[in-house]
2 protein chains.
Amino acid sequence: VSSGKDAPVVEDAIRSTAARVTPPDRSSARRAQVRQRTLARPAGSLGRLDDLVKVVAGIRRDPRPGPLPAVVSVLAGDHGVAARGVSAFRHGLTSDVLKLIASGRAPVNILARRVPARVVTADFGLVTAVDGAHRQEQRYKVTNGTADISRHDAMTVAQARRAVANGIAFAGERLGDEPLLAVGEIGVGNTTAAAALTARLLDASPARVVGAGSGVGAVVVAHKRTLVEEALRRTRGRPDDTMRVLAALGGSEIAGNVGVILAAADQRRVIVLDGYITAVAALIAVRLCPSVRGYLIASHLSAEPGHRLILDDLGRSPLLSLGLRLGMASGATMALGIINAALAVAAYTPPAREVGLTSADAR
Amino acid sequence: VSSGKDAPVVEDAIRSTAARVTPPDRSSARRAQVRQRTLARPAGSLGRLDDLVKVVAGIRRDPRPGPLPAVVSVLAGDHGVAARGVSAFRHGLTSDVLKLIASGRAPVNILARRVPARVVTADFGLVTAVDGAHRQEQRYKVTNGTADISRHDAMTVAQARRAVANGIAFAGERLGDEPLLAVGEIGVGNTTAAAALTARLLDASPARVVGAGSGVGAVVVAHKRTLVEEALRRTRGRPDDTMRVLAALGGSEIAGNVGVILAAADQRRVIVLDGYITAVAALIAVRLCPSVRGYLIASHLSAEPGHRLILDDLGRSPLLSLGLRLGMASGATMALGIINAALAVAAYTPPAREVGLTSADAR
């Protein structure tokens with residue numbers, strides 16, 4: 001699907017986007033914090049929600065952002081390693097799930113309607129194309145499934161770069177201008193890829209990063225761990241270059257989300273990460289461009305053990321801890337409601353003096 | 001405000017309500033769980049949200065409850081101990097906050113509009129009546145503020161019983177028939193009363209249950225602990241009768257919420273507890289009527305150290321952990337959105353077979 005001819009263009013799209021990202025604005029964040037102390041409620045009484053408002057104010061360069069329009073992004077990719085029996089689901093199921101999301105009937109659609117938020121999907125590397133009424137356009141696709149990472153590099157470096165660049169293009173072309181972005185993915189087998197990437201990028205042992213994924217038993221978890229060990233052994237001694245690691249161990253939807261996250265930071269969106277897989281993409285985006293970090297909010301802590309390692313490395317603590325392991329941006333979409341509730345309270349609670357609660361009320 | 005003449009009637013209202021409460025229906029809960037396994041998503045992939053659906057199904061006697069209409073209840077009462085400087089706020093501020101809620105401009109109103117949910121308030125024991133446009137009716141009120149618990153019983157046993165009975169009446173007369181109920185309160189000084197009740201009911205040391213409340217410093221926390229120790233010393237050796245403990249150490253809004261919780265269980269509502277103060281009321285309601293326990297959902301874990309002790313005793317773990325310490329049902333109201341999101345996903349996700357995801361997909 002991709003060709004080598006446009007390599008300099010792709011390289012440039014990634015480099016120029018990363019170069020444009022500046023950290024969130026500290027002055028707006030500070031003004032939001034000061035403003036909240038004047039409202040008709042005890043200072044700091046909303047705990048982490050007060051912190052959220054400060055973060056969003058910095059990202060949006062606005063000390064009083066108020067509830068924000070939201071969009072949910074779900075990128076899809078297939079993983080060669082899924083054929084090795086690491087998932088509760090058959091290889092190729094990913095496109096059926098993408099079709100379900102595109103039909104508006106999947107759990108993420110049900111959650112998004114309650115926010116409300118638009119849901120946008122794209123095929124970055126499915127084995128089979130989605131057919132019928134919910135056909136996906138193929139312009140962002142870089143591969144018909146990745147190779148089995150225990151034996152081969154998932155993608156070529158050119159494909160990985162192309163997927164990142166396509167993620168940047170997708171964010172510009174399909175995600176509108178909603179300032180609140182839930183980042184999600186689907187890909188049968190992708191917790192295995194995420195575990196390999198986490199082990200490599202954070203120098204963690206496979207035992208600490210491999211989990212039950214979609215819900216497999218102990219025997220399959222042990223098998224996953226063996227495959228991750230093989231993938232790490234296979235690539236040992238190679239240079240630490242982030243893009244090469246992504247190509248060797250990643251997935252097309254993970255690489256695509258690296259691009260989505262880079263572009264979203266450049267577009268000054270509030271980036272709400274879903275679970276383990278999107279956290280790995282964020283870690284890679286931060287390695288490519290450290291200023292991205294200030295744009296990230298962790299929505300939930302999934303059941304995957306590697307997830308916490310990455311969030312700790314990113315310095316983010318999750319808003320929700322509900323044991324979700326559904327993927328498809330479901331946790332991030334639930335968090336959108338929490339974030340907008342916090343923004344609404346900060347924006348609409350009247351000043352203390354206006355309702356007769358003077359500063360003498362707080363000793 | 002209350003008189004002794006109607007004591008038998010009050011006693012009977014409490015006893016008959018408690019006697020009518022039966023545990024949630026296990027068969028509906030089980031059917032909800034079985035049904036969820038047939039949907040187009042991995043079994044158990046929504047973690048604690050799947051458990052929530054099961055709990056609500058049991059309470060509502062409906063294996064597929066769907067999102068539910070919701071109401072938020074906020075009872076207000078003043079505490080004599082507030083005059084001893086245990087709060088960041090002046091004694092008497094409670095009625096100004098109640099007025100703010102009644103005007104629809106407080107944080108809880110902003111949160112409730114997003115659910116959406118109605119907000120209903122009542123004066124169970126303010127020092128001063130709320131005047132102006134937001135006057136509260138006085139029919140549920142049992143006292144003009146409680147006595148300082150470090151020196152006197154907060155209320156007489158007759159007043160405590162009357163407040164519980166008035167809570168039952170309030171739930172029947174003012175809370176409509178919304179099946180989802182957020183239980184909240186306001187009362188300057190009430191974390192001190194809650195701490196004394198927790199220490200007494202769970203036989204815990206004051207050091208483990210006294211916290212910063214509305215946001216006081218270490219010196220005031222130490223002072224609060226001393227007052228709680230005095231209250232416990234003052235009542236030492238008295239019989240363990242729950243209603244007597246409530247009268248000696250409680251508050252009118254806490255006693256009122258005991259009644260609201262008893263009545264709501266009888267009405268088969270899903271009872272969503274706010275923070276520390278409502279958890280204490282739930283603990284007392286469960287002591288009076290153990291079947292109430294199955295109707296309780298803990299919305300969040302507040303910053304008060306005694307809160308976790310009570311939730312552990314009730315066997316409930318909080319959905320949110322955001323460090324809230326605002327009271328006025330704010331945490332419970334945020335949780336309403338999470339609960340209805342879980343119910344929506346369970347009710348509206350299509351069956352796996354209908355979208356071509358056969359059972360062979362789950363190995």
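User: At roughly what angle do helix 11 and helix 12 of chain B cross, and how close do their axes come?
Analyst: The axes of helix 11 (residues 252–266) of chain B and helix 12 (residues 276–288) of chain B cross at roughly 60° and come within 8 Å. Axes are lines fitted to C-alpha atoms, for helices over the stretch in contact, and angles run from 0 to 180 degrees between N-to-C directions. That makes helix 11 of chain B oblique to helix 12 of chain B. Under 35 degrees counts as roughly parallel, over 145 as roughly antiparallel, 65 to 115 as roughly perpendicular, and the rest as oblique.

User: Which residues make that contact on helix 11 of chain B and helix 12 of chain B?
Analyst: Helix 11 of chain B brings Ile254(B), Asn257(B), Val258(B), Ile261(B) and Leu262(B). From helix 12 of chain B come several residues, including Ile277(B), Val280(B), Ile284(B) and Leu288(B). Contact means heavy atoms within 4.5 Å. By class, the contact of helix 11 of chain B with helix 12 of chain B has eleven nonpolar, two polar and no charged residues. Ala, Val, Leu, Ile, Met, Phe, Trp, Tyr, Cys and Pro count as nonpolar, Asp, Glu, Lys and Arg as charged, and the others, Gly among them, as polar.

User: Before we go on, what should I know about the model and the numbering?
Analyst: This is a predicted model: local features need pLDDT of at least 70, side-chain atom pairs count only at pLDDT 80 or more, and totals for chains, interfaces and linings use all residues. Residues are numbered from 1 along each chain as its sequence is written, chains are lettered from A and ligands numbered from 1 in the order in which they are written, and side-chain values use heavy atoms, with hydrogens and water left out. Helices (H or I, at least four residues) and strands (E, at least two) are DSSP runs, numbered from the N terminus.

User: How do helix 14 of chain A and helix 14 of chain B pack?
Analyst: Helix 14 (residues 330–348) of chain A and helix 14 (residues 330–348) of chain B pack at about 160°, with axes 10 Å apart. The two are therefore roughly antiparallel to each other. Met334(A), Ile338(A) and Ala341(A) meet Met334(B), Ile338(B) and Ala341(B) there.

User: Which side chain meets Arg234(A) in a salt bridge?
Analyst: Asp153(A), at 2.7 Å, N to O. Arg234(A) lies in helix 9 (residues 218–235) of chain A and Asp153(A) in the loop between strand 2 (117–125) and helix 6 (157–174) of chain A, so the pair ties together parts 81 residues apart in sequence. Arg238(A) also meets Asp153(A) in a salt bridge, at 2.9 Å, N to O. Arg238(A) lies in the loop between helix 9 and helix 10 (242–249) of chain A, so that pair ties together parts 85 residues apart in sequence.

User: What does Arg238(B) form a salt bridge with?
Analyst: Asp153(B), with the closest N and O atoms 2.9 Å apart. The pair links distant parts of the chain, 85 residues apart. Arg238(B) is partly exposed at 34% relative accessibility, and Asp153(B) is partly exposed at 31%.

User: Last one. Where is Asn109(A) found, and what does Asn109(A) touch?
Analyst: Asn109(A) is in helix 5 (residues 107–114) of chain A. At 6% relative accessibility, Asn109(A) counts as buried. Not counting residues up to four places away in sequence, Asn109(A) touches Leu100(A), Ile101(A), Gly104(A) and Val119(A).

Conventions. A salt bridge is a side-chain nitrogen of Lys or Arg within 4 Å of a carboxyl oxygen of Asp or Glu. Buried means under 20% relative accessible area, exposed over 50%, partly exposed in between (1.4 Å probe, protein chains only).
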